[in-house]
There are 2 protein chains.
Amino acid sequence: MAHDYSYTKQKFKVIGTRPERPDGIDKVTGRAKYGADATAPGQLVGLILRSPHAHAIIKKIDTSKAEKLPGVKAVLTCADLPDLTGGNRDLQNILENCMARGRALYDGHAVAAVAAVDAQTAKKALKLIKVQYKALPHVTDVDEAILPGAPIIHDWVFTRGIDPAPTEPSNISQRTQFGHGDVEAGFAKADVIIEKTWKTEQTHQGYIEPHACLASVGPDGSGELWVTTQGHFTFRNVCSSLLGMDVAKLKVTASEIGGGFGGKTHVWMEPVALALSRKANRPVKVVMSREEVFRASGPTSSTSVDVKIGAKKNGVITAASAELRYQGGAFPGIWAMLGAMTSFACYDLKNVKTVGYDILCNRPKVTAYRAPSAPMAAFGVESTMDMLAAEIGMNPLEFRLKNAAKQGTRASYGPVYGPIGIKPTLNAVKNHPHMRARLGKNQGRGMACGFWFNFGGQTCVDLNVGIDGTVSLTVGTIDVGGSRAAISLIAAEELGIPYEQVKTNVADTASLGYNDMTEGSRGTFSTGMATIFAARNAIEVLRERAAKMWDIPVDAVVWENGEARATGKKHGNLPRLTIKQIAAKAGNTGGPIAGHNEVVADNAGVSFASHICDVEVDPETGATRVIRYTVVQDAGKAIHPDYVEGQFQGGAAQGIGWALNEEYIYGDDGRLQNPGFLDYRIPVCSDLPFIDTEILEIPNPNHPYGVRGVGETSIVPPLAAIGNAISNAVGVRMDHVPMSPPRILKALDDATSS
Amino acid sequence: MAHDYSYTKQKFKVIGTRPERPDGIDKVTGRAKYGADATAPGQLVGLILRSPHAHAIIKKIDTSKAEKLPGVKAVLTCADLPDLTGGNRDLQNILENCMARGRALYDGHAVAAVAAVDAQTAKKALKLIKVQYKALPHVTDVDEAILPGAPIIHDWVFTRGIDPAPTEPSNISQRTQFGHGDVEAGFAKADVIIEKTWKTEQTHQGYIEPHACLASVGPDGSGELWVTTQGHFTFRNVCSSLLGMDVAKLKVTASEIGGGFGGKTHVWMEPVALALSRKANRPVKVVMSREEVFRASGPTSSTSVDVKIGAKKNGVITAASAELRYQGGAFPGIWAMLGAMTSFACYDLKNVKTVGYDILCNRPKVTAYRAPSAPMAAFGVESTMDMLAAEIGMNPLEFRLKNAAKQGTRASYGPVYGPIGIKPTLNAVKNHPHMRARLGKNQGRGMACGFWFNFGGQTCVDLNVGIDGTVSLTVGTIDVGGSRAAISLIAAEELGIPYEQVKTNVADTASLGYNDMTEGSRGTFSTGMATIFAARNAIEVLRERAAKMWDIPVDAVVWENGEARATGKKHGNLPRLTIKQIAAKAGNTGGPIAGHNEVVADNAGVSFASHICDVEVDPETGATRVIRYTVVQDAGKAIHPDYVEGQFQGGAAQGIGWALNEEYIYGDDGRLQNPGFLDYRIPVCSDLPFIDTEILEIPNPNHPYGVRGVGETSIVPPLAAIGNAISNAVGVRMDHVPMSPPRILKALDDATSS
């Protein structure tokens with residue numbers, strides 16, 4: 001079911017159709033090459049030794065025995081890596097997260113690495129490395145980390161964003177503030193105010209494919225890296241900077257990716273693999289175990305968020321504020337900032353203020369996770385919205401509709417919106433049959449809204465026409481969700497040829513200009529835009545070639561439906577030339593036919609979603625089952641609706657897991673207790689209902705086809721939607737995610753006993 | 001020692017320097033990935049069953065037992081391949097050479113193939129394939145093949161180039177004729193005429209790396225091919241055509257190449273590997289054994305050539321003619337045509353005529369071998385020239401100088417020469433100390449000249465500037481002799497930056513527009529040209545970005561020494577912007593900085609060489625040892641002199657092997673008796689002297705830097721130079737190559753007994 005909110009009158013021929021994605025068969029038959037599938041002659045096995053301490057001084061690392069073990073070709077510590085401490089601190093942080101320098105900052109922090117001829121030897125070598133630690137006090141909880149007397153993670157971190165600048169080091173790395181109006185005055189006008197603290201636990205992106213790479217660096221400083229990543233060009237630039245290599249001399253090839261969701265936007269052991277290879281002068285392959293993935297890569301923040309919203313009895317919000325505390329692991333991040341920006345983005349607020357605190361803990365460095373930081377903020381805000389609606393006796397959907405942002409609204413994080421889809425999604429929810437379905441015992445329904453910015457960025461596309469008129473597109477954005485199919489559709493649309501005539505390939509970094517990574521839902525938006533421009537350039541060449549073949553002026557040639565047509569009285573009767581006919585003669589008319597584009601794709605277009613969720617809670621066990629789920633989201637023009645729907649479903653599925661079960665559990669010793677999929681429980685197929693979707697298409701006026709990013713917004717509403725549904729089902733308000741059986745049981749008990 | 005024949009006044013900064021080639025270290029340390037080094041998840045081992053008959057009807061192939069063998073995933077015969085018999089005969093010939101259809105045409109001709117889980121199973125499966133042959137009469141000698149009653153190889157071959165068209169099938173697939181003037185009248189004016197028949201045996205390119213590929217074709221018709229080749233774009237187009245695939249859907253990645261010399265310009269088992277993969281729905285790796293390489297890939301022609309040259313006593317040639325019979329193996333070729341074109345290209349002849357006959361035999365399909373067909377023609381012509389010089393009592397060098405072609409000469413194959421280097425090379429030989437060195441007993445000196453056309457063709461280059469100002473060049477021509485270093489030099493020269501700041505990479509076919517293969521000495525010429533144009537395009541972008549950074553008009557910005565300089569009174573004092581500074585800001589000034597070029601690089605510029613050779617012949621054994629060798633050749637501008645010299649040396653080394661020892665030996669049964677490097681003797685290091693080189697630089701006016709092709713001409717003179725030296729040493733004229741010990745002994749015996 002798709003409404004037509006089109007602001008443009010474009011008619012598409014292939015855009016909006018649903019051909020099979022080109023990587024599908026390889027992936028389901030096991031033929032696709034993932035990160036660990038690369039091989040090189042003479043490759044070594046690289047393994048990493050990790051800290052068993054949450055926080056410890058590394059007094060000494062004795063690698064001598066490991067180095068003497070036959071078959072060991074290199075042993076690496078921070079001493080083998082550049083020390084950028086006195087230089088670029090951001091780079092140094094990245095490097096220190098990959099390999100500790102002086103202190104181990106979290107359980108799992110890399111302290112040394114080996115490269116050996118086989119895994120057995122490498123394991124033996126790890127055991128032969130003797131590290132002398134001196135354990136330090138640690139802190140892993142976001143609220144405890146800012147208590148007086150908490151162990152200070154870094155003595156060089158002074159809270160940024162505070163005036164005057166603090167003189168004492170702090171675990172608050174940054175304070176950020178957004179908003180407008182006068183919240184105090186606004187709250188004073190409110191009839192009802194709800195103020196509450198909400199907490200979420202740390203989750204992992206949970207990609208199926210662990211981090212893996214094959215690195216090869218030669219004595220001349222040239223290197224290659226085969227890696228599973230969301231951004232091989234970024235990896236190239238980052239690794240080059242970290243290791244002092246020339247950008248042009250490090251060729252990074254991206255494998256197929258077995259999930260990333262933000263966790264593969266950041267280097268973890270790749271610089272170590274490169275440095276090991278450089279030291280061993282052999283290719284080195286490093287594949288993380290699942291335990292390593294959990295302990296030392298990519299989780300999102302645990303958070304603690306205070307939300308305060310006030311409204312008139314008529315449902316108009318008079319003020320809203322939030323203080324957001326985001327745990328970023330052992331190195332400074334910008335996660336609270338993003339939470340502070342997104343918190344109230346769905347609403348048209350006169351008085352709004354958000355303050356974010358990025359907080360250091362003895363946990364792995366946090367990285368992006370799908371719409372990073374937005375789900376936790378939305379959990380607090382959208383739960384509070386429901387509580388407030390209940391308090392003023394208003395339907396929570398109508399309450400949201402009444403306050404929803406619209407074109408012209410000044411967003412809480414600053415900009416003024418163009419055409420946006422929050423009201424359309426709410427109206428679609430209102431009209432959805434799901435909202436009228438009957439609920440049974442212990443069942444409840446909730447809804448929530450979500451927002452994500454979306455991002456464009458630097459993008460390059462080359463388009464080459466083969467001798468048979470088939471078209472090869474060279475792109476540099478990793479395909480995480482079917483973007484190769486979408487990009488092919490766009491090229492086919494622009495050239496006027498069938499989808500089947502186009503093949504999109506992700507090039508290595510040596511074969512294309514720089515591309516920002518696949519993040520911020522930029523893939524189809526930005527690469528699609530560059531593809532349109534590259535195709536238009538190629539059409540110019542095709543027209544020139546047709547003109548040459550006809551021996552007429554190029555101005556007399558138009559491009560229509562994949563063919564050149566001669567115009568005017570003089571030439572109008574010439575039979576058309578197909579792209580295939582023109583391509584076949586390319587060698588005689590000037591050489592290969594191509595189009596190129598390098599662009600900074602700005603204005604990706606914000607995206608909004610409203611989700612509906614039905615749950616059934618077992619009051620005996622506290623177990624919650626999601627029994628029906630509907631995602632309504634504005635996609636802008638949906639290039640390939642299947643994969644837009646897939647993104648909607650995938651985000652919702654991850655949000656459901658996050659809401660109900662997933663969490664990092666740290667012991668008092670600061671060590672992660674559940675670094676595996678048995679104890680860290682992501683939803684499996686049988687845990688989920690079919691997730692229904694509805695695509696709204698509010699065109700993005702800044703894209704030729706009206707495309708917006710679509711991949712991230714869908715993970716934002718589920719935490720709150722499920723919380724609201726649980727509240728509706730069993731009458732308890734859950735303020736702590738995951739809303740796991742023990743927490744629900746406790747809430748039910750507390751409610752009964754109170 | 002390099003003379004300056006420069007017709008231009010260009011001053012180069014980095015062109016002409018000798019940095020180390022970027023692939024060198026990987027190659028000598030074993031890290032380079034060659035054809036057999038590719039792997040894919042679930043890959044199968046492909047093996048090919050080959051005919052033990054030189055010529056036989058394939059009555060039946062029973063694959064049923066092989067198919068039932070556990071672990072066998074596909075068995076393939078011609079029945080699994082398209083039958084293009086009624087369509088494009090040229091394509092069908094390629095396909096039939098890869099897999100026999102109905103008849104086996106030579107010893108080693110593929111008749112079936114298997115793909116199995118491992119090599120052992122595949123070998124077993126080959127043995128289980130039962131082929132019923134009916135042997136047919138065969139012919140393997142080029143002269144015997146055109147005798148009346150010789151077995152006819154193909155009943156559909158009627159000699160082309162004869163008027164009226166013949167009505168009977170023939171083993172002469174084509175007659176070609178070149179020349180001008182009136183040779184009969186010319187010979188009538190001659191004082192002396194030498195007429196003689198010369199024979200050469202079939203040789204193999206002898207590359208160290210056997211053919212190897214990894215093919216993967218999915219059920220959607222998309223495929224990938226990793227292969228050792230001189231032209232992955234050509235392989236893509238050919239394989240796509242043969243198998244009915246879309247060009248854009250077959251991605252071909254070229255490995256490093258362990259030698260090709262023309263033998264890797266042609267598909268052999270690659271289409272079979274692709275078809276096996278398509279049938280098995282798994283990746284399939286096929287690696288030829290050395291025996292397979294010899295029996296069923298890439299040899300050059302055996303030939304029989306009649307040369308007739310007449311001259312006045314003053315040394316002026318009055319007429320020259322040649323009839324050239326080139327054995328092309330079991331499928332039609334154009335080898336005699338090339339021989340006919342090159343025969344007399346070194347000379348300025350008023351009356352000249354060459355007739356070539358391409359002849360079919362029951363031998364493997366001939367393919368290109370470095371300056372294909374020219375060495376055999378030169379053996380006849382340059383040997384005859386020496387005989388004629390002797391007959392008129394003239395120094396053979398002076399005789400050549402007197403008749404050498406020059407600017408304005410109408411070449412025997414048609415065109416009128418521009419500036420060329422044959423006289424300069426002869427003069428350099430004349431002045432070379434080698435010519436005055438003393439010779440000992442049984443030692444002799446010979447010289448000979450050689451010519452090759454050189455070729456340009458379709459070429460694409462992308463140039464991308466990294467964020468640190470280092471430059472990545474994406475090229476599509478396989479690097480067979482250091483061209484990546486040469487291309488980097490060209491980009492550095494044009495951009496005004498150091499060589500070390502540039503890295504050239506060979507892209508896969510999905511990442512760049514079409515490139516003709518590395519053949520015809522086109523690599524550095526054509527890719528260099530496209531690089532120059534791509535760099536100039538990038539400089540335009542760099543100027544625009546600098547103008548944007550300065551906020552001044554782009555017309556006020558010039559590019560100098562790798563920097564942007566603002567000009568004019570108003571802006572002239574602005575500090576210059578380096579490429580690094582501009583690149584660092586690219587994301588803010590319009591996105592990634594690139595230059596692109598697609599070109600048909602015409603007018604590659606002919607190349608001439610004169611070689612000097614000293615030999616010592618052991619009259620007891622007939623063994624000949626080359627004791628000194630000097631190559632003088634016109635390279636046009638030598639971009640990277642080391643690799644130009646390397647080409648000179650490599651061609652000479654191959655020519656020496658061909659001249660003295662290498663030959664295909666067929667038994668009466670039509671089977672190859674020496675398919676291995678033990679019995680087919682290529683020269684090893686200890687067989688060769690240091691080969692001295694002298695580069696002449698007669699600029700090619702059709703290239704911005706004056707570059708000519710350099711790779712091929714150097715193999716043309718050695719056969720004759722050595723023949724002439726042997727004649728000088730021991731007084732016998734060798735008319736049959738290889739001039740192996742038995743043949744020399746026999747000639748010495750014949751001379752003594754006559």
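User: Is A:Met269 buried or exposed?
Analyst: Buried. This is a predicted model, and in it A:Met269 has 1% relative accessibility. The cut-off for buried is under 20%, so A:Met269 counts as buried.

User: Where does A:Met269 sit in the chain?
Analyst: In a loop of chain A. That loop lies between β11 (250-254) and α7 (270-280).

User: Which residues does A:Met269 touch, leaving out those up to four places away in sequence?
Analyst: A:Ile48, A:His211, A:Ala212, A:Cys213, A:Val286 and A:Met288.

User: And how far is A:Cys98 from A:Met269?
Analyst: In sequence, 171 residues. In space, the two C-alpha atoms are 5.8 Å apart.

User: Switching to sheets. In what order do the strands of the open sheet in chain A run?
Analyst: The order is β4-β2-β6. Three strands make up this open sheet, and their pairing is antiparallel.

User: Why is one side of β4 and of β6 left without a neighbour in that sheet?
Analyst: Because β4 (103-104) and β6 (130-135) of chain A stand at the edges, and each has a single partner strand.

User: How many bridges link β2 and β4 there?
Analyst: Two. Strand β2 of chain A covers residues 56-62, and its pairing with β4(A) is antiparallel. A:Ala56 stands opposite A:Ala104 of β4(A).

User: Now chain B. Which way does β8 run against β13, parallel or antiparallel?
Analyst: Antiparallel. Nine bridges join β8 (residues 192-200) to β13 (residues 303-311), both in chain B. In that pairing, B:Ile194 has B:Ile309 as its bridge partner.

User: What about β8 and β27 in chain B?
Analyst: That pair is parallel, with two bridges. β27 of chain B spans residues 736-737. B:Lys199 faces B:His736 of β27(B).

User: What holds two strands together in general?
Analyst: Strands of a sheet pair through backbone hydrogen bonds.

User: On to the interface. How many residues of chain B are in contact with chain A?
Analyst: 62 residues of chain B, against 62 residues of chain A.

User: What area is buried between chain B and chain A?
Analyst: About 4400 Å². Carbon and sulfur atoms give 51% of that area.

User: Which elements of chain B give two or more residues to that side?
Analyst: β9 (212-217), β17 (457-465), β18 (471-475), β19 (502-506), α17 (586-589) and β23 (593-601).

User: How do the residues on that side of chain B divide?
Analyst: Into 25 nonpolar, 23 polar and 14 charged.

User: How many salt bridges cross between the chains?
Analyst: Zero, by the rule used. Polar contact is another matter: 25 residue pairs count between chain B and chain A, both residues at pLDDT 80 or more.

Key: Residues numbered from 1 in each chain as written. Chains lettered and ligands numbered in written order. Predicted model: local features only at pLDDT ≥ 70, side-chain atom pairs only at ≥ 80, totals over all residues. Heavy atoms only, no water. Pairing = 2+ DSSP bridges. Helix = DSSP H or I, 4+ residues; strand = E, 2+ residues; numbered from the N terminus. Contact = heavy atoms within 4.5 Å. Buried area = accessible area lost by both parts, 1.4 Å probe. Salt bridge = Lys/Arg side-chain N within 4 Å of Asp/Glu carboxyl O. Polar contact = N/O pair within 3.5 Å; in protein donor to acceptor, adjacent residues only side chain to side chain. Nonpolar A, V, L, I, M, F, W, Y, C, P; charged D, E, K, R; others polar. Buried < 20%, exposed > 50% of the residue type's maximum accessible area, 1.4 Å probe, protein only.
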